[in-house]
Amino acid sequence: MSTTTLTDDPWSGFLDHLRDRTSTTSRSRAEGFSTELWNATAGSGLFSTLAVEGIGSSGMRAAIDRIRALGRTSPDRGLTFSAVTQLASTIYCLRAFADKELQEHYLPAAEAGNAIGGHAITEAGAGSDVMSMSTTASLRDGHYVLNGTKRFITNAPIASTLVVYAKTVEDGVDKGLSAFLIETGWPGVDTSQPMPTAGLSTSPIGEVSLQDVQVPARNRIGHTGAGLLILDQVMKREILLAFAGNIGEMEQLVSRSVRYVNDRKQFGTSIGSNQLVADRIVETQMAIELGGALLESIAERLDGFEDVTIPIAAAKVFISEANVDSAINAIRVHGGNGYLAASPLPTFLLDAIPGAIYSGSNDLLRTKIATMLGVTS
Amino acid sequence: MPTINDVKQYIAETFATDITADQLPSDVDLLSTGILTSVTTVQLLGWCARTYKIPINTIPINPDELKTPEGIAGFIETNRTDSVTA
Amino acid sequence: MTLTATTAKAAAPRLELSAGTIVEGEDKRTDDVASLEYGIYRATKNRRLIDECAEVLNRGGVAALVPTTATETYLKSVAEQVEQFARSRHQAEGTASGGILALPTSGSTGTPKLVAIPVAGLVQFLQWGQDYFNFDATTLSLSLSPWNFDVSLLDTWAVLSSGGTVVAAEAARLHDAAYLARLLDEHRPTFVQVVPSTLDALINAAGGATYPSIRNVVLTGGVVAQPARAAAAKLFPEATFHNVYGATEVNDCLIETLSAQQFAGTETLPLGMPIAGCEIYLDADGERQPLHEAAEATHGELLVRTPWMADGYIHEGSMTPLPVTADALYPMKDQALWANGQLMYQGRRDRVVKVRGQRVNLEELENAARRTGLVGMACAWLTDTAPAEELHMAYTTPDHGTATTGLQLRMAMSATLPAFAMPNHLHAFAGPFPLNGNGKPDLPTIKSRVESE
């Protein structure tokens with residue numbers, strides 16, 4: 001066990017703590033969400049990054065660096081994913097769009113990591129087609145009544161708060177989407193249905209059922225009908241952070257693989273001297289360089305005036321697909337050892353696969369890029 | 001040239017191609033008349049950002065402001081950071 | 001003639017139409033094409049037609065009915081198809097499979113497509129009609145529609161089968177108000193089936209008179225607005241009304257029975273409940289469910305299975321099967337809404353589109369444009385480069401009129417249409433729309449003209 005490091009920086013201390021942990025084995029994965037690790041993450045100050053550095057370019061750069069470091073160091077990729085959700089869905093959203101009163105009410109607990117949050121967007125009938133969602137928020141006597149069901153909501157089973165996106169109805173008129181901050185303890189909110197997944201099993205994900213949930217008007221984030229614009233900005237931050245995590249995870253794959261190919265000897269020499277084997281690691285590193293640089297560049301551009309929709313979509317598609325390829329390459333580099341149940345590598349692969357699905361399906365993002373370039377169908 | 005004329009010009013050229021800029025009243029509700037949609041509003045914002053140097057990624061936006069040409073012109077005037085010719 | 005080996009089987013269902021009587025009708029001798037195995041007949045409304053048809057069908061042959069006004073060429077073309085089909089069918093299976101009634105589908109250009117209705121199913125349908133409407137020897141049915149239309153299977157064949165009387169109105173004379181009024185006065189029918197156009201004809205013919213002899217009115221083949229229904233209720237003060245939904249391929253499958261008050265007063269008539277033996281399904285975004293299992297407020301496309309489905313289409317001399325799903329459900333290409341225990345018609349499937357998450361009925365959009373009085377014809381469509389789905393509408397200047405500006409038209413339409421249903425792009429057409437073979441605006445041509453601008 002390492003000696004306690006005297007450090008003023010809780011963040012470096014936290015990373016050291018992570019390095020000391022063994023990789024998640026299938027047993028610990030089966031235990032699901034690690035409260036201990038979450039609390040350690042909260043204690044590191046990760047969730048206050050935007051409070052300290054702001055929500056513009058410098059804040060996002062700092063958050064990207066930290067999440068990438070988390071991905072590089074942590075054995076628990078599900079936790080990284082839950083942490084990204086906390087930052088994007090709740091902390092960034094409140095800081096960027098909520099009024100002071102709402103911020104003061106919910107940010108302290110969110111940034112201390114005591115209140116876990118998430119955002120409820122997706123429904124059974126509305127995935128990529130966000131506008132077809134049927135969850136409604138009806139204005140009645142100065143408060144909203146929410147009805148609907150959301151699913152595939154990260155953190156829902158453990159969340160204290162959720163940002164719910166719903167179709168707003170005021171005086172019988174559809175006013176478009178709005179965002180509402182709700183507490184999961186309120187009557188009518190049911191987050192008890194988890195959805196077990198093939199990977200990211202330490203990041204709880206579930207359904208959210210809303211039945212006549214009374215939401216005070218002051219809990220609406222931003223203006224009525226601003227939901228689509230807010231969602232657009234929130235998803236940009238979620239992508240930057242989630243895929244920064246992916247970059248870090250690919251860096252883990254590289255260091256593991258380099259160690260392995262140097263140690264493993266066949267035909268009298270290390271397998272790393274086989275260029276084809278080495279190239280599998282090189283491919284991953286190239287993706288890390290390209291993906292990492294793009295994320296940084298996009299973060300820089302956030303303070304500016306240009307529309308970053310195309311670069312964000314490109315980064316997401318590129319990194320998520322490279323992450324899957326890298327995990328497969330890492331398994332192949334490790335040979336039979338990489339395929340054992342005790343090896344963490346297959347879980348890297350399972351954890352990488354949903355990257356092409358969440359935050360916007362890759363197939364649709366590619367189509368979106370084509371449309372934005374002016375390609376007519 | 002006043003901002004509102006640029007706005008009308010952009011809208012007539014990009015969205016309602018069958019109307020000319022001077023046919024567009026300053027207070028016409030662009031959403032209820034189908035000239036703008038919730039999705040093309042985002043496109044309009046991109047044009048505002050590029051043309052008038054507005055940091056759309058970081059400022060709060062009230063969609064009600066963007067319903068009419070005069071509302072859009074007002075939004076631009078409030079948030080533009082390019083040098084404005086006197 | 002080859003003798004096919006007979007296998008022990010149940011007696012094939014037979015059509016028994018001889019007990020009933022036909023009055024009025026036409027006595028023209030026409031040039032039918034007939035043989036042992038098939039008959040192609042102009043649908044003249046007389047006894048001989050019914051008898052000859054029934055005979056061919058009971059022998060296991062194919063009987064086709066064409067409009068009385070059909071051209072020589074059309075008749076010949078249908079005859080060729082039927083002959084070819086009947087011959088190959090006889091070679092393949094003899095007459096073991098029973099007779100087939102072939103009715104041409106409406107609105108086809110080029111070679112006519114004939115819907116092939118098997119006798120077994122037909123007999124079951126006639127039995128249902130007889131049972132539901134209590135047809136018997138005292139029934140007097142006023143048959144307004146041509147006998148090559150499938151509606152006649154209810155108002156004529158089912159009535160004859162029960163021994164009732166059919167007052168065969170000549171379809172060509174329906175706009176002769178005096179003729180219709182005489183038929184009503186003289187015969188005092190107890191049953192009438194109408195489609196929107198024939199209902200209009202009756203309302204016109206009646207003047208202010210009422211016909212209390214009518215006990216049952218069946219409305220089918222289209223939507224009738226409330227004012228016309230109110231007039232119908234006045235016209236037939238003792239009647240029970242029935243809204244019936246179906247298609248030639250599946251015959252009738254849904255029925256809503258209402259009092260005169262309900263028929264006259266309801267804003268929109270529901271489609272009704274499944275007819276006995278019929279199964280109704282709703283396909284909502286890929287999820288298909290039987291109607292009774294559908295959740296509240298489900299929008300979907302209707303699919304049905306009836307005991308009297310057609311076998312398919314006789315086309316180019318052979319039978320193409322009905323385009324059913326793997327579980328033998330026929331897509332009706334109509335959208336419906338299941339809410340509050342009622343099924344409501346929402347429009348043709350290809351005219352109901354989803355725009356940015358909202359359902360838009362393109363027909364309603366076009367109607368809204370026409371109602372402004374600022375356009376002659378309007379034609380709407382959706383371009384779907386997701387996420388930027390956009391509604392387009394082309395329009396022509398009104399007959400009496402001055403051209404409108406795009407802005408005026410938009411302002412006028414926004415008075416009745418919600419924002420999501422407003423056309424995003426308008427295209428003014430200087431001349432009239434190019435039309436297709438059905439006399440409807442030719443959408444592909446309109447679209448390509450717009451795109452080439």
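Mentor: Please do, and bear in mind that this is a predicted model. To begin with a term: helices are DSSP runs of H or I with at least four residues, and strands are runs of E with at least two. Counted in this way, chain A has 12 helices and 10 strands.

Trainee: How many of the residues of chain A count as buried, and what makes a residue buried?

Mentor: A residue is buried if 20 or more other C-beta atoms lie within 10 Å of its own. In chain A, 50% of the 377 residues count as buried.

Trainee: What makes a group of residues a nonpolar core, and which members touch the most others in the largest one?

Mentor: The members must be buried residues of kinds such as Ala and Val, joined through C-beta atoms within 7 Å. The largest nonpolar core has 109 residues, and Ala64(C), Val82(C), Ala102(C) and Val217(C) touch the most other members. Helix α3 of chain C, residues 119-133, gives this core its largest share, 7 residues. Another core, of 103 residues, lies apart from it and includes Tyr106(A) and Phe348(A).

Trainee: With which residues is Ala102(C) in contact, neighbours within four places in sequence left aside?

Mentor: Among them are Val62(C), Ala64(C), Leu114(C) and Ile314(C). Contact requires C-beta atoms within 7 Å, so each of these residues meets that limit with Ala102(C).

Trainee: How do you know that β17(C) and β18(C) pair?

Mentor: Pairing requires at least two bridges found by DSSP. Strand β17 (residues 312-315) and strand β18 (residues 318-321) of chain C are joined by 4 bridges, and therefore they pair; they run antiparallel. His315(C) stands opposite Ser318(C) in β18(C). The two strands form a hairpin with 2 residues between them, and in the turn Glu316(C) has a positive phi of about 55 degrees.

Notes: Residues are numbered from 1 along each chain as its sequence is written. Chains are lettered from A and ligands numbered from 1 in the order in which they are written. This is a predicted model: local features need pLDDT of at least 70, side-chain atom pairs count only at pLDDT 80 or more; totals for chains, interfaces and linings use all residues. A residue is buried if 20 or more other C-beta atoms lie within 10 Å of its own, exposed if 12 or fewer, and partly exposed in between; C-beta atoms are placed from the backbone. Two residues are in contact if their C-beta atoms, placed from the backbone, lie within 7 Å.
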